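Please look through the model below. A short briefing follows, grouped by topic.

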Amino acid sequence: MVNDSIHKDYSKEFLDSLLKGNKESCSSIVKQLVEKNIPIPQLYENLIKKSLYDIGDLWESNTISVATEHLASAIIEKILNETYPEILLEQKINKKVIVSCVETELHQIGLKMIADIFELHGWDTYFLGTSTTTGDLIAFAENIHPDVIALSLTLDFNFPLLQRMIEEFHSNFPNIAIIVGGQAFAKNNALVAQLKHCIYLPDIQKTEEFISRF
Amino acid sequence: MNTQNNLPAWSAEILETLASSNGIGIALYSIPTKSLSANNAFIQLIPSFNTTSFIHPTFKHLLDIKEEGLIFSGYITFGDNLSVNHSLACNVYRKNDEILILGDNNLAQMIAQNKEMHALNQEIINLQRSLLKEKKTLQQTLEQLNVLNNKLIQLNDDKDQFVSILAHDLRNPFAVMLGYGQMLNKKLENAAFEDAKKYAGVINSTINKTYNLLENLLTWSRSQMNRIKYKPEYIKLKEIINETIELFENQINAKDIFVATEDIKDSLVVRGDKQMIKTVLRNLFSNAIKYTPQQGSIQFSAQYNTSQVTISLKDSGVGMSPETVNKLWNLSTRNSEKGTNGETGTGFGLLICKDFVEKHGGHISVESKPNKGSVFSFNIPQ
Ligand code: B12
């Protein structure tokens with residue numbers, strides 16, 4: 001993305017602060033970038049997502065504990081709240097999206113970003129977060145009448161759950177568009193190939209393209 | 001302190017303590033995966049001792065390192081893939097087909113992270129509280145706005161109705177003037193000057209009434225828009241009552257009405273806006289004359305105490321039914337019945353009276369029965 005260089009100065013400091021649990025420093029970096037008019041999608045992709053991926057790598061190399069990962073994600077979610085008002089400023093366009101994780105999935109930050117992107121484009125966004133059952137999702141959709149359902153999957157072994165969710169949802173609401181995304185698909189084209197009744201979108205940019213076409 | 005040199009002498013005690021430790025995890029496995037023993041801390045972490053609880057690195061991964069000695073050093077995450085897990089900073093040793101896992105809870109880190117989590121939690125709880133409060137305030141504001149909005153809708157309806165009533169009120173006199181104007185023209189063409197004079201008289205009096213109506217309307221609307229400022233002063237009540245009576249001398253004489261004012265002392269002084277009180281008296285008095293038959297009577301009276309003065313006009317006129325009384329003060333329902341000599345009006349006068357009395361912080365009311373006359377009273381706080 002265009003503004004990668006801008007973030008380079010910040011991303012190391014941001015990651016260090018996250019690892020130390022220094023939420024004030026993280027907040028202030030994001031605030032500075034917002035003041036520099038860095039667009040939210042870039043902030044999300046190039047600073048926040050990148051740092052979380054780095055944290056994942058550190059966990060994978062057994063360098064940090066899950067507790068550190070927990071604290072980092074708690075700080076990130078707090079920061080997403082702080083930038084939330086920037087997103088809410090836009091005008092509404094009378095379209096609705098329900099965003100949800102697959103049941104038993106605890107990774108919700110990516111999905112939250114996607115929800116924010118819809119919101120940024122004027123959609124009414126209903127964020128169900130983690131631990132949503134298919135029954136809950138269908139009941140909610142009956143109430144809300146959404147235009148789009150967005151489902152996130154991070155852990156690949158949860159794929160069968162996602163498939164069942166999509167299948168059941170689609171048979172109830174054949175006309176509602178379903179989009180899916182998340183890390184389970186990132187390095188796994190075989191999973192993408194098995195997807196039915198839905199569109200896979202890998203990141204914010206592709207999601208924005210989808211929104212503008214919708 | 002070089003603990004390593006001194007400790008061997010205490011190894012029995014140290015082992016005893018470690019065996020029951022809740023902080024340092026110790027587990028011994030024989031290869032391939034047979035568990036031999038584990039201390040308290042480790043059993044709490046992996047209750048079933050199950051090697052599938054090694055999430056990262058997996059147990060298999062550790063087994064695959066075939067060297068002897070320290071085979072792994074770093075965080076091991078234990079738990080399962082469906083829930084929130086826990087990591088220990090571990091050293092893993094392999095010796096004689098056995099694997100020893102020594103896991104340490106990084107206390108300093110735990111304390112620091114716990115503190116941060118606590119701070120975050122507190123921040124979020126405080127935020128939640130202030131949001132709840134804001135939500136409540138917003139709800140209340142919304143409710144107030146709804147009430148106001150409904151009032152505005154009502155007011156707007158009133159105004160619409162008012163405009164249509166007003167148009168109707170103006171249409172009548174214009175119809176009269178149009179008709180008589182045409183006839184006047186004809187009479188003048190035929191040089192019938194006597195008739196012409198009569199018609200001109202009707203037109204003139206209709207113009208007068210219409211002008212009065214417009215004048216009243218203007219006063220009322222200026223008062224509604226708060227263009228008329230309340231300017232209180234000390235007023236001799238009897239004086240302005242007498243002035244009012246003088247204004248209507250012709251009508252009083254025409255109907256031979258008896259007007260009584262003895263009840264009001266010459267010395268009675270009230271505090272209020274002179275122009276407004278005069279307007280109220282003029283309107284009430286003109287109404288009383290209008291609805292009082294030949295040789296009837298109208299009586300002014302006043303009751304005074306330190307907190308208020310109450311001024312009343314009692315007439316021996318036609319009176320009103322309760323339904324008519326109910327309609328008197330309302331913009332959209334106000335109507336005007338013809339006087340005993342066919343006098344017309346628009347019922348605006350009373351609206352103005354009500355407005356002006358209320359500007360004084362007072363209240364206007366009426367008691368009336370058909371054929372028993374009416375008493376209009378208004379009080380003005382002193
Ligand atoms: C934070 C984190 C956690 C937190 C989550 C907290 C939270 N509130 O979300 C906690 C501590 C709970 C957690 C737990 C676990 N985690 Co974890 N976690 C992470 C970490 C570090 C960051 C995740 C994240 O937020 N990324 C940033 C977001 C923005 O990226 P994203 O999700 O990819 O989203 C982008 C796109 O994918 C896309 N997208 C995502 N969703 C959707 C949906 C739609 C509709 C669309 C259109 C697009 C889209 O848009 C986003 C923007 O580009 C990752 C590391 C990593 N590489 O991501 C590991 C990681 C995901 N976790 C992992 C693992 C293994 C676990 C655990 C099993 C073990 C553990 N660590 O304890 C548990 C499982 C718990 C469970 N049942 O879910 C592995 C997953 C490996 C795998 N392939 O299965 C990772 C990759 C770490 C690693 N390197 O191994 N984890």
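Is Asp266(B) buried or exposed? Asp266(B) is exposed, with a relative accessible area of 55%. Buried means under 20% relative accessible area, exposed over 50%, and partly exposed in between, with a 1.4 Å probe and protein chains only.

This is a predicted model, in which local features need pLDDT of at least 70 and side-chain atom pairs count only at pLDDT 80 or more, while totals for chains, interfaces and linings use all residues. Residues are numbered from 1 along each chain as its sequence is written, chains are lettered from A and ligands numbered from 1 in the order in which they are written, and side-chain values use heavy atoms, with hydrogens and water left out.

**Overall build**

- Chain A holds 10 helices and five strands. Helices (H or I, at least four residues) and strands (E, at least two) are DSSP runs, numbered from the N terminus.
- Chain A has a radius of gyration of 17 Å, which agrees with the value near 17 Å for a compact globule of 214 residues. The radius is taken over C-alpha atoms, and the globule rule is 2.2 Å times the number of residues to the power 0.38.
- The C-alpha atoms of chain A fill a box of roughly 50 × 40 × 25 Å along the principal axes.
- Of the 214 residues in chain A, 49% are buried.
- Chain B comes to 11 helices and 13 strands.
- Chain B has a radius of gyration of 49 Å, whereas a compact globule of 382 residues would be near 21 Å.
- The box for the C-alpha atoms of chain B is roughly 145 × 60 × 35 Å, taken along the principal axes.
- Buried residues are 36% of the 382 in chain B.

**Cobalt site and helix α5(A)**

- His107(A) is the only protein donor of the ligand's cobalt atom, through NE2 at 2.2 Å. Donors are N, O and S atoms within 2.8 Å of the metal (3.2 Å for Na, K and Ca); water is not among the atoms, so sites may look incomplete.
- His107(A) sits in the loop between β1 (96-101) and α5 (109-120) of chain A.
- α5(A) has 12 residues and spans 16 Å from first C-alpha to last, close to the expected 16 Å at 1.5 Å a residue. The expected span is 1.5 Å times one less than the number of residues.
- α5(A) is largely enclosed by the rest of the structure, because 11 of its 12 residues are buried. Among them are Lys112(A), Asp116(A) and Glu119(A).

**Salt bridges**

- The count is 17 salt bridges over all chains. A salt bridge is a side-chain nitrogen of Lys or Arg within 4 Å of a carboxyl oxygen of Asp or Glu.
- Lys238(B) pairs with Asp266(B), with the closest N and O atoms 3.3 Å apart. This pair links distant parts of the chain, 28 residues apart: Lys238(B) is in helix α7 (residues 237-247), and Asp266(B) is in the loop between β8 and β9 (269-273).
- Lys238(B) is buried, at 14% relative accessible area.
- Lys354(B) and Glu358(B) form a salt bridge, with the closest N and O atoms 3.4 Å apart. Both lie in helix α11 (residues 348-359) of chain B, four residues apart, about one turn of the helix.
- A network of salt bridges links Lys23(A), Glu24(A) and Glu116(B).

**Backbone features**

- The peptide bond from Ile31(B) to Pro32(B) is cis, with omega near 10°. Pro32(B) lies in the loop between β1 (25-30) and β2 (34-38) of chain B.
- His56(B) and Pro57(B) are also joined by a cis peptide bond, with omega about -5°. Pro57(B) is in the loop between β3 (54-56) and α4 (59-63) of chain B.
- Ser131(A) has a positive phi, near 55°, in a residue other than glycine. Ser131(A) is in the loop between β2 (124-129) and α6 (134-144) of chain A.
- Asp256(B), likewise not glycine, has a positive phi near 55°. Asp256(B) is in the loop between α8 (249-255) and β8 (258-260) of chain B.
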